Amino acid sequence: MTSHWILGPGAIGRLLAHSLSPLADVTLVGRRALPEQQTITTSEGEVRSQHLNVVTTSQLVAKAPAPPAFLHITTKAMAAEAALESVAGVISATTPLVLWQNGFLAQPRLTERWQGPVLCATTTEGAYLTGDDDVVHAGRGHTFVGDLENRYGALAQQLAHQLSQAGLAATAVDDIRSRLWQKLAVNAAINPLVALNGIRNGELRGAAYAGRVEAVVEEVAAIMLAEGIQAPSGGSGLDAWLALVWNVIEKTANNKASMLQDVEARRLTERGAILGPLIESGERYGVGCEVLLGLDRELAVLEAGF
């Protein structure tokens, strides 16, 4: 049975643990103790409870079990490197990592730093926490898996197959870099606005917010063109980027985006990982990013009050 360690028991981490547990040897690892009896509300509204192997980082290090087949890092982007460091002493230097972070910050850094395979996953699965023992699968999506250097295609295929068997539709791809930038575009259009306004994704379709969504996407589309990132679904120009963003908003209408969850918990957001690469690229290529800069400033002010 394939072993998976999931480092970071947030919404995606617990969704992975619930999904993979019937098929694999799963250990959910966090900084603090959580109940082993965990509940998931499925996207269809079914409530299921199951026992998960939940340990703290210190317990895992003290036990020093055999290294896993995959180490999934599902922490926030700014915590990914420290999270890896916390367990590096009990895993092989060639253990495959799977990075689930938003943005494009942790992925290139850890790919360069880690000796073994580093897979990157980008997903439109929607999930949010309602407590220490409950996660809601708010919307079904699709996960793409690959590595930035296209060296580990077979490993990506293996993981995508296991995820699909677990009920999380997944595909191995050789263009994960472009897909991460596409996900960055979606996150930039959704996360800051829902976090600043305290709304769920679907409410962005309303007249009060739709114009701001389109203003973000307009800047993002220009930055993607400068970066040489192909528009999604073989389309071209602004219309293709708008179609991508509105499609994700529709499919995750009931979801609480990760940045909104952070704001509600009075935690620092991933604005640096999501808005940062876009702003840096825009400034590098001389592409206007006033809307993105404005969102970054608003979020900085909000975080300063935590």
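Is His18 buried or exposed? The points below take up this residue and then the remainder of the predicted model.

1. **His18.** With a relative accessible area of 3%, His18 is buried, because that value falls under the 20% cut-off. The residue belongs to helix 1. Beyond its neighbours within four places in sequence, His18 is in contact with Gln38, Thr39, Ile40, Gln50, Leu52 and Val135.

2. Helix 1 comprises residues 11–20 and lies across strand 3, strand 4, strand 9 and strand 10. Its direction makes about 100° with that of strand 9. Those strands form an open sheet of four, in the order 4-3-10-9, with mixed pairing. At the edges are strand 4 (47–51) and strand 9 (126–131), each of which pairs on one side only. From one strand to the next, the twist averages 25°.

3. In general, strands of a sheet pair through backbone hydrogen bonds, either parallel or antiparallel. Strand 3 (residues 37–41) runs parallel to strand 10 (residues 134–139), and three bridges join them. Strand 9 and strand 10 run antiparallel and are joined by five bridges; they form a hairpin with two residues between them. Val135 of strand 10 stands opposite Ile40 and also opposite Leu129.

4. Strand 1 (residues 3–7) and strand 6 (residues 70–73) run parallel, with four bridges between them. Leu7 has Ile73 as its bridge partner in strand 6.

5. In soluble globular proteins, nonpolar side chains tend to be buried together. The largest nonpolar core of this chain has 48 residues, and those with the most contacts inside it are Leu204, Trp241, Leu278 and Leu292. At least two residues of this core come from each of helix 6 (176–197), helix 7 (207–227), helix 8 (237–251), helix 9 (258–264), helix 10 (271–285) and helix 11 (290–304). Helix 6 supplies the largest share, twelve residues. Apart from this core lies another of 30 residues, among them Leu16, Leu34, Ala121 and Leu163.

6. **Surroundings of Trp241.** Leaving aside neighbours within four places in sequence, Trp241 has contacts that include Gln182, Ala185, Val217, Ala221 and Met224. Ile229, Gln230, Ala231 and Pro232 are also in contact with Trp241.

7. **The chain as a whole.** The chain has eleven helices and twelve strands. Its radius of gyration, 19 Å, is close to the 19 Å that the globule rule gives for 306 residues, so the chain is as compact as a globular protein of that length. The C-alpha trace spans about 50 × 40 × 35 Å along its principal axes. Of the 306 residues, 55% count as buried. Among contacts with a separation of 6 or more, 68% involve residues 24 or more positions apart.

Methods:
Residues are numbered from 1 along each chain as its sequence is written. This is a predicted model: local features need pLDDT of at least 70, side-chain atom pairs count only at pLDDT 80 or more; totals for chains, interfaces and linings use all residues. Side-chain values use heavy atoms; hydrogens and water are left out. Two strands pair if DSSP finds at least two bridges between them. Axes are lines fitted to C-alpha atoms, for helices over the stretch in contact, and angles run from 0 to 180 degrees between N-to-C directions. Contact means heavy atoms within 4.5 Å. The radius of gyration is taken over C-alpha atoms; the globule rule is 2.2 Å times the number of residues to the power 0.38. Buried means under 20% relative accessible area, exposed over 50%, partly exposed in between (1.4 Å probe, protein chains only). A nonpolar core is a set of buried Ala, Val, Leu, Ile, Met, Phe, Trp, Tyr and Cys residues joined through side-chain atoms within 4.5 Å.
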